[in-house]
Amino acid sequence: MAGQGPDRPDTADRPDAAATSWPQPTRQAPSPQQTRQARQARQAPSPQQTRHAPSPLAEMWDWIRGRLVVAGRGLLLLGPAVTGLALLAAVLSLLGLVALLAWKATDPYQTQELDLITAMAVFVFWLLMTPIFLLCFRPIARLSRKLAGQWCGVPIAAPYLPRPWASGGKGGLRRRLTWLLTDQATWRDLLWVIVNGLVGWILPVVPAGVLVLGVTAVIAPYAQGEVRLLAVAVAVGGTWASPWLMRGYGLLASSMLAPTQHAELTLRVDQLTQTRSEALDTGAAEIRRIERDLHDGAQARLVAMGMTLDAAGQIIDTNPDAARALLYEARDASVKALAELRNLVRGIHPPILADRGLADAFRALAMDSPMRIHLASDLCGRASAPIESAAYFAVSELLANVSKHAEARETWIDLRYTDGMLRIGVTDNGHGGADPARGSGLRGIERRLAAFDGVLAVSSPPGGPTAVTMEIPFELSLPKTSFS
Amino acid sequence: MLQAHGLEISAAVDNGADLLAAVTADRPDVAIVDVRLPPTFTDEGIRAALAARREVPGLPVLVLSQYVEQLYARELMASGSGGIGYLLKDRVFDSAQFVDAVRRVAAGGTAMDPEVIARLLARNTKDGSLAAVSPREREVLALMAEGRSNAAIAQRLVITERAVAKHTASIFMKLDLQPSDDDNRRVLAVLAYLGG
């Protein structure tokens with residue numbers, strides 16, 4: 001996660017149409033929420049994509065409307081700033097008030113010890129209240145992050161440490177306090193509330209401010225010629241620059257609200273721990289399944305074969321005909337055992353995947369599928385065996401889902417390798433409505449991909465089409481390398 | 001085992017390069033190739049078979065494998081004229097049938113593994129394009145796709161050859177295929193239809 005920018009220009013403005021027709025997964029942390037976000041993003045195409053050949057007048061109107069929206073949003077950004085500052089002021093005055101009351105309540109002519117006790121009581125009250133107050137700033141910081149992403153174009157990931165009691169641990173008061181107070185993000189939130197409340201808000205208010213200035217200059221009857229001209233010039237310039245002002249504000253927010261390297265690493269460790277345990281669980285479950293299949297299938301057949309052969313051996317002199325029948329039976333059993341072993345091997349690691357790699361393995365999947373499947377691939381090397389296997393089974397499960405649920409006639413598989421990223425798109429023309437939050441299959445694929453830092457994005461509006469995109473980062477090895 | 005059935009072995013090799021050298025030198029009636037060969041033990045056999053058919057056009061090749069892949073079957077079918085066989089190693093168990101397959105391929109015919117055919121049929125059944133074909137006709141179709149002659153099909157299903165001919169004619173009509181007396185062209189038409 002470290003080192004990856006918050007926005008990904010390579011996916012944002014790639015010219016080819018195929019790239020824009022897939023939902024783009026976000027790379028920060030593979031979570032169901034993000035899958036949903038990606039889906040929502042897909043459902044709302046950007047205006048640049050849908051508009052064609054606008055007239056100059058319409059273009060100007062669009063421009064003006066855009067700037068008005070920016071100005072409005074800038075004004076709305078005052079909300080969190082003012083709220084934060086007000087909250088801070090309220091907290092400080094409450095703490096101060098308590099101290100003041102305590103001081104007033106104590107008689108100044110009393111002995112010094114009592115004074116000390118009061119002071120200590122006030123101090124303890126402060127200590128107790130501080131965590132609660134600190135927590136109050138989180139919603140404001142969260143809102144700022146969200147708005148920075150949506151309005152300023154600077155998405156900011158949440159930097160907070162994971163709650164220690166969320167993953168099954170006990171949440172004692174001390175642990176909660178440690179969690180809150182040792183999190184750098186807590187204090188950086190506070191810093192942001194102060195900076196934003198004191199000076200930060202100026203940036204987003206400028207667009208609206210210059211607009212008001214311009215309008216005032218034009219309609220005010222008492223304004224001088226030069227002043228009026230200057231004001232209008234400032235207004236036009238300010239309006240023109242307003243998106244950059246917003247972006248600047250977003251960057252300012254990002255400098256305080258984005259995760260620090262330490263926080264990123266902590267989150268990363270947490271994510272790795274989780275995906276590792278999930279990967280181990282999946283592996284163990286697979287081994288149990290294989291063991292069960294062998295036990296019930298090939299192993300049982302071999303035992304039966306042994307018994308049949310033994311019986312044949314015992315009667316071969318007395319009843320050769322019956323012995324021959326038994327021998328044929330044993331042969332048929334061996335054919336069945338081999339067939340079962342073949343199916344088992346296909347389920348563990350398909351031979352064609354080992355032989356030829358992903359593209360041909362998908363081609364073979366397509367041949368076995370009742371649907372019409374179109375495959376486009378620009379993959380010419382081989383991935384490492386575990387990644388190939390994960391990608392293969394993910395696609396095979398998706399295809400099974402499609403033929404089971406989507407009632408699709410055709411499916412497109414798109415296999416690309418760009419910038420150290422394997423991107424697989426599976427799109428069908430079925431009736432859509434797939435929800436990763438409900439379907440355990442999609443969740444399972446997501447979990448398995450997560451072990452390779454892979455992510456899954458689903459776009460499936462009711463009525464279709466369904467488009468699933470998977471991204472797995474890896475280094476492509478040279479062609480013709482075998483991994484068998 | 002092959003010698004026991006009156007076949008002569010001209011050369012036995014254990015890798016793709018030697019196979020190429022042997023088929024160009026000896027020009028055998030048929031080459032029998034295992035899919036997994038050294039050095040990579042992946043699909044060397046298929047590659048070697050395809051290369052051999054490029055070197056010696058029309059060379060009948062029978063490929064044996066521990067598993068069958070439609071993709072490989074299709075690559076072999078597309079590799080030009082001449083007999084082609086693609087069988088599971090299990091089929092070697094039934095020596096009579098195996099030798100029959102070897103002779104069929106050597107004679108320029110086709111020997112497709114029943115499992116390949118079964119998967120092709122399964123796929124087309126779900127698709128609905130075989131809906132008009134009756135169960136008995138499906139059996140005939142499967143045996144036909146494996147590359148068997150009418151006589152062999154009749155023997156296998158314990159019916160007369162005339163009945164088989166009637167079934168095949170009906171199948172070709174239902175699938176809208178051009179009937180052909182030539183066994184091999186018939187197989188190719190059926191496989192092309194199922195694979196399409």
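Tutor: Let us begin with how the two helices pass each other: α9(A) passes α10(A) in a left-handed crossing, a crossing being left-handed if the near helix is turned anticlockwise from the far one by less than a right angle, and right-handed if clockwise. This is a predicted model, in which local features need pLDDT of at least 70 and side-chain atom pairs count only at pLDDT 80 or more, while totals for chains, interfaces and linings use all residues. Residues are numbered from 1 along each chain as its sequence is written, and chains are lettered from A and ligands numbered from 1 in the order in which they are written. Helices (H or I, at least four residues) and strands (E, at least two) are DSSP runs, numbered from the N terminus.

The axes of α9 (residues 202–219) and α10 (residues 225–240), both of chain A, come within 8 Å and cross at roughly 150 degrees; axes are lines fitted to C-alpha atoms, for helices over the stretch in contact, and angles run from 0 to 180 degrees between N-to-C directions. The pair α9(A) and α10(A) is therefore roughly antiparallel, a label for angles over 145 degrees.

From α9(A), residues including V206(A), V210(A) and G214(A) meet residues of α10(A), among them R228(A), A231(A) and G238(A), where contact requires C-beta atoms, placed from the backbone, to lie within 7 Å. The residues of this contact comprise eleven nonpolar, three polar and one charged (Ala, Val, Leu, Ile, Met, Phe, Trp, Tyr, Cys and Pro count as nonpolar, Asp, Glu, Lys and Arg as charged, and the others, Gly among them, as polar).

Turning to the other chain, chain B has nine helices and four strands.

Methods
Parallel < 35°, antiparallel > 145°, perpendicular 65-115°, else oblique. Contact = placed C-beta atoms within 7 Å.
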